Amino acid sequence: MFLLQPPEVRELETFSVMPDVFRRPAPSVWADANRGGTITDSFLEGPVFDGAGNLYVTDIPWGRIFRIDPQGMWSLVAEYDGEPNGMKFLDANTLLITDYKNGLVRLDVASGAVTPFLERRNSESFKGVNDLIFDAEGNLYFTDQGQSGLHDPSGRLYRLRPNGQLDLLLHNVPSPNGVALSPDGRVLYLAVTRGNCVWRVPLLPDGSVAKVSQFFTSYGPSGPDGLAVDAQGHVLVANPGLGHVWVLNHRAEPVQVLRGVPGSSTTNLAFGGVQRKQLFVTDSTQGRILTTTLDTPGQPIHPRKN
């Protein structure tokens with residue numbers, strides 16, 4: 001990669017750390033398959049804010065959803081038989097969750113009840129759904145990652161329309177992960193973890209996609225995970241293998257590098273705080289939430305359109 005100007009480097013700071021009472025240093029089926037059997041007391045992903053400024057995160061191996069208030073205090077919202085990952089609000093009281101074991105599920109944040117939303121496609125189970133985002137028209141885009149990779153480039157990208165129609169947009173992705181939309185909603189950015197890159201997916205007026213391209217190429221032991229877009233169209237890429245967040249301009253050039261504290265595994269991103277200029281980053285393996293304040297606010301997240 002050749003850059004005319006080196007990117008600005010900013011340090012991420014610790015906002016909050018999971019209390020010891022919630023940590024589970026024990027074997028899990030998820031860690032056996034995805035962490036080489038390493039004892040994993042938590043693995044945080046899926047950050048999303050409610051209207052009151054509370055941050056919700058998932059804990060994949062233990063099927064838990066946590067709420068973190070603006071002062072950094074943690075509370076357990078739900079625990080169930082699942083492996084939750086990405087989340088977005090359907091309405092003020094309901095989260096929609098991509099769950100590796102169960103497909104798409106709903107969570108009532110008041111009661112903690114988890115119910116099915118979309119478990120299968122044409123009676124076939126998903127490979128293992130990962131992340132999701134709504135557009136301004138209420139279309140839901142979500143990734144179906146499973147154990148795909150360069151050895152098996154069969155990961156999928158779906159669109160669920162408001163009328164219930166489910167469209168398979170891509171089926172050849174080596175580990176589709178985070179998703180984000182351009183400010184005008186005409187381009188979807190797709191993190192391709194095992195390809196160590198981010199794809200650019202044009203969304204055409206007839207509902208199809210074409211001329212999908214590789215927008216950004218990273219490096220290191222684990223590729224891009226969560227994505228976000230700011231109001232100026234910069235694409236933010238969480239790169240867990242490096243412990244960094246890339247901030248990319250329209251040419252996919254890094255203009256900033258947000259560097260995590262030593263040992264960080266930066267997985268997912270959410271904008272919050274005053275004017276949505278504060279970025280929050282899940283440090284998955286350490287059970288931490290990292291943060292920094294940026295110059296440009298985050299692109300607003302569309303709720304479900306009824």
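What percentage of the contacts in the chain between residues at least 6 apart in sequence join residues at least 24 apart? The answer is 45%, where a contact means heavy atoms within 4.5 Å.

This is a predicted model, in which local features need pLDDT of at least 70 and side-chain atom pairs count only at pLDDT 80 or more, while totals for chains, interfaces and linings use all residues. Residues are numbered from 1 along each chain as its sequence is written, and side-chain values use heavy atoms, with hydrogens and water left out.

Figure 1. The chain holds one helix and 27 strands, where helices (H or I, at least four residues) and strands (E, at least two) are DSSP runs numbered from the N terminus. Along the principal axes, the C-alpha atoms fill a box of roughly 50 × 45 × 40 Å.

**Figure 2. Charged side chains, and a salt bridge between Arg 24 and Glu 79.** The chain has 26 positive and 31 negative side chains, and the centres of the two sets lie 4 Å apart. Lys and Arg count as positive and Asp and Glu as negative, while His and the chain ends are not counted; the place of a charge is taken as NZ of Lys, CZ of Arg, CG of Asp or CD of Glu. Side chains of opposite charge can pair when their charged atoms come close. A search of the whole structure finds 14 salt bridges, each being a side-chain nitrogen of Lys or Arg within 4 Å of a carboxyl oxygen of Asp or Glu. In the salt bridge of Arg 24 with Glu 79, the closest N and O atoms are 2.8 Å apart. This pair links distant parts of the chain, with Arg 24 in the loop between β2 (13-17) and α1 (29-34) and Glu 79 in strand β6 (residues 74-79), 55 residues apart. Arg 24 is partly exposed at a relative accessible area of 29%, and Glu 79 also counts as partly exposed, at 42%.

**Figure 3. A salt bridge between Glu 124 and Arg 156.** The closest N and O atoms of Glu 124 and Arg 156 are 4.0 Å apart. The two residues belong to distant parts of the chain, 32 residues apart, with Glu 124 in strand β12 (residues 124-125) and Arg 156 in strand β15 (residues 155-160). Glu 124 counts as partly exposed at 40% relative accessibility, whereas Arg 156 counts as buried at 17%.

Figure 4. The side chains of Glu 253 and Arg 251 meet in a salt bridge of 3.1 Å, N to O. Salt bridges that share partners also join Glu 8, Arg 10 and Asp 295 into one network.

Figure 5. Most residues other than glycine have a negative phi.

**Figure 6. Two loop residues, Ser 265 and Met 73.** Ser 265 lies in the loop between β24 (254-259) and β25 and counts as buried at 12% relative accessibility. Not counting residues up to four places away in sequence, Ser 265 touches Pro 240, Thr 282, Asp 283, Ser 284 and Thr 285. Met 73, found in the loop between β5 (64-68) and β6, is exposed with a relative accessible area of 54%. Leaving aside neighbours within four places in sequence, Met 73 is in contact with Arg 67 and Ile 68.

Note on methods:
Buried < 20%, exposed > 50% of the residue type's maximum accessible area, 1.4 Å probe, protein only.
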